[in-house]
Amino acid sequence: MNLLVVFDAMLQHQNVTKAGEAIKLSQPAMSAAISRLRTLFDDPLFVRTGSGMAPTPKAQALSPSVRLVVQTIQTEILLPKKFDPSLSDRTFTLLTPDIAEVNFLPRLLSELAHKSPQLNLKTLAMPREAAAQSLESGAAEMAIGYFPDLHKAGFFQQKLITNSHVCLIRKKHPHVGEKMTNAQFMQASHAVVKPDGREHLFERFLQSKGIQRRVVVELSHFMSLLPIIETSNLIATVPKDLADFFVQHGDVRYIPTPMKSPVIDVHLFWHQRFQKDPAHMWLRQVIHQLFSRAH
């Protein structure tokens, strides 16, 4: 490749000294490179004339191809393309549970409709232990949510929000007012969500405290909770941002948990292979500006 750069410089300047100055090579180094080119192509390539080093017919025939190769290296490889979100039609795959789809996607899609109308999103949900492999392989470019297994070498992260837990109940629940005691919580009937392959932080907290409840129904999707809670006296303990969504769309309300429950730190994760990708960097910035509580 270095020899092609020398060849291209000689074509442009037809002078060993000027060509060497253009590509920052000494005259001896240029002469050695030209000698190698002559051997490689079995042709003098450049011959001395009264006006300089003129290209031979073979050099002239090779000129367009060599120029194209050198320009491609300079513009496509050495100088990375700038990312233009207004023109990009790239598809990003996000690894996220259904809670994050509800909380993040509507606002993100609205923002992208203005800033990058041709950009596309795809979401995947999978067991938590599969998240690292998905990001490493490129099956997903980012993960949004609670992924404790991704706090390790090779992965980057940005904190978005800190979520608390609340108890979701129907608005006219006959036995629960504005607060709930531990005794009421223990005596109540509960709906519990245990997504396939994903651990519910609050359930693990209860197990660590030895707290057992009457679980009437166990679900695999949080989105199934709303019609169940608003038509029964069951209680569901869910992240607050999900409860806010349910309150907007259903006949439900929420109250604080009777015990101090753990908080959930929601992060944006990505693998180091995408750290310097311009399009990836742009989308990360958009997500962080939209959802970080600092903004």
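**Charged pairs up close**

Author: Let's start inside helix H5, where glutamate 111 and lysine 115 sit four residues apart, about one turn of the helix. (Helices here are DSSP runs of H or I, at least four residues, and strands are E runs of at least two, both numbered from the N terminus.) Bear in mind that this is a predicted model: local features need pLDDT of at least 70, side-chain atom pairs count only at pLDDT 80 or more, and totals for chains, interfaces and linings use all residues. Residue numbers run from 1 along each chain as its sequence is written, and side-chain values use heavy atoms, leaving out hydrogens and water.

Glutamate 111 and lysine 115 make a salt bridge, with 2.8 Å between the closest N and O atoms; the term means a side-chain nitrogen of Lys or Arg within 4 Å of a carboxyl oxygen of Asp or Glu. Glutamate 111 is partly exposed at 21% relative accessibility, and so is lysine 115 at 36%. (Under 20% relative accessible area is buried, over 50% exposed, in between partly exposed, with a 1.4 Å probe and protein chains only.)

Now for a buried pair: glutamate 203 and arginine 213 are both buried, and their side chains meet in a salt bridge at 2.5 Å, N to O. Glutamate 203 belongs to helix H8 and arginine 213 to the loop between H8 and strand S9, so this pair ties together parts ten residues apart in sequence.

Aspartate 277 also bridges to arginine 90, the closest N and O atoms being 2.8 Å apart. Aspartate 277 lies in the loop between S12 and H11 and arginine 90 in the one between helix H4 and S3, so parts 187 residues apart in sequence are tied together.
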